[in-house]
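This report describes selected packing features of one model.

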Amino acid sequence: MPTIKDVAREAGVSIATVSYVLNDKTEAISEETRLRVWAAVEKTGYRPNIAARNLRSSKSSLIGYAWHEVALGQDSQGNAVLDRFTYAMARSAEAAGYHILTFTAPREDPLPVYDELIRTGRVDGFVIGSTVRDDPTVQFLIEREFPFVSFGRANEAWDFRWVDTDGAAGTALAVEHLAGLGHRRIEMAAGDEDSLSGNFRVDGYRAG
């Protein structure tokens, strides 16, 4: 198995120079040297020890994402939106040099799992999905000042990063479409009252 010494020998540089290039610390290294090192990496087939690199940098290069079991009955379906979201999240993470670490956490008390992952340095951050009003996981991570982003809102008074669909506008458009076809008795099947996203959709329904 090729080592960093083999790369240095092939590139005609010091081991330290190879280490700088591999760890993207190239401020004092010429572009020609950097390219020569990467060419030597390719030629020798050297693969850096990711675990050792992460240990030195105190980073795991992993983003935690809780994976919840979905009960599927004969007539039920999975969540197509979350499926596409999870796939896109994994691709985006990989493009940024990270990977997604999926884990399970009980819905009734997920905080001990998140606390352990933080204390043991397993992840560099979290992506939170399926949030509810005053979500305890969101509140916990805010208090811990640990990096995370949420797919869905939890409390409009809390300061944290989130992304979400515009359920209110979407539901209003759906109602307007049905009304435009002449329908006047339009019913809506709403979600849990604790779901902010569900409540936004109800607001859109009423507005429509």
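The model is predicted: local features need pLDDT of at least 70, side-chain atom pairs count only at pLDDT 80 or more, and totals for chains, interfaces and linings use all residues. Residues are numbered from 1 along each chain as its sequence is written, and side-chain values use heavy atoms, with hydrogens and water left out.

Helices (H or I, at least four residues) and strands (E, at least two) are DSSP runs numbered from the N terminus. Buried means under 20% relative accessible area and exposed over 50%, with partly exposed in between (1.4 Å probe, protein chains only).

| Helix 1 (residues 4–11) | Residues |
|---|---|
| Buried | Val-7, Ala-8, Ala-11 |
| Exposed, on the face turned away from the buried side | Lys-5, Arg-9 |

The buried residues of helix 1 fall within an arc of 100° seen down its axis, so they line one face; the arc is taken over directions from the helix axis to the C-beta atoms. These buried residues pack against helix 2 and helix 3, contact meaning heavy atoms within 4.5 Å. Gly-12, with a positive phi near 70°, follows helix 1.

In the pairing of helix 2 with helix 3, Thr-17, Val-18, Val-21 and Leu-22 meet Thr-33, Arg-34, Val-37, Trp-38 and Val-41.

Arg-153 lies in the loop between strand 4 (148–151) and strand 5 (162–163). Its relative accessibility is 16%, and Arg-153 therefore counts as buried.
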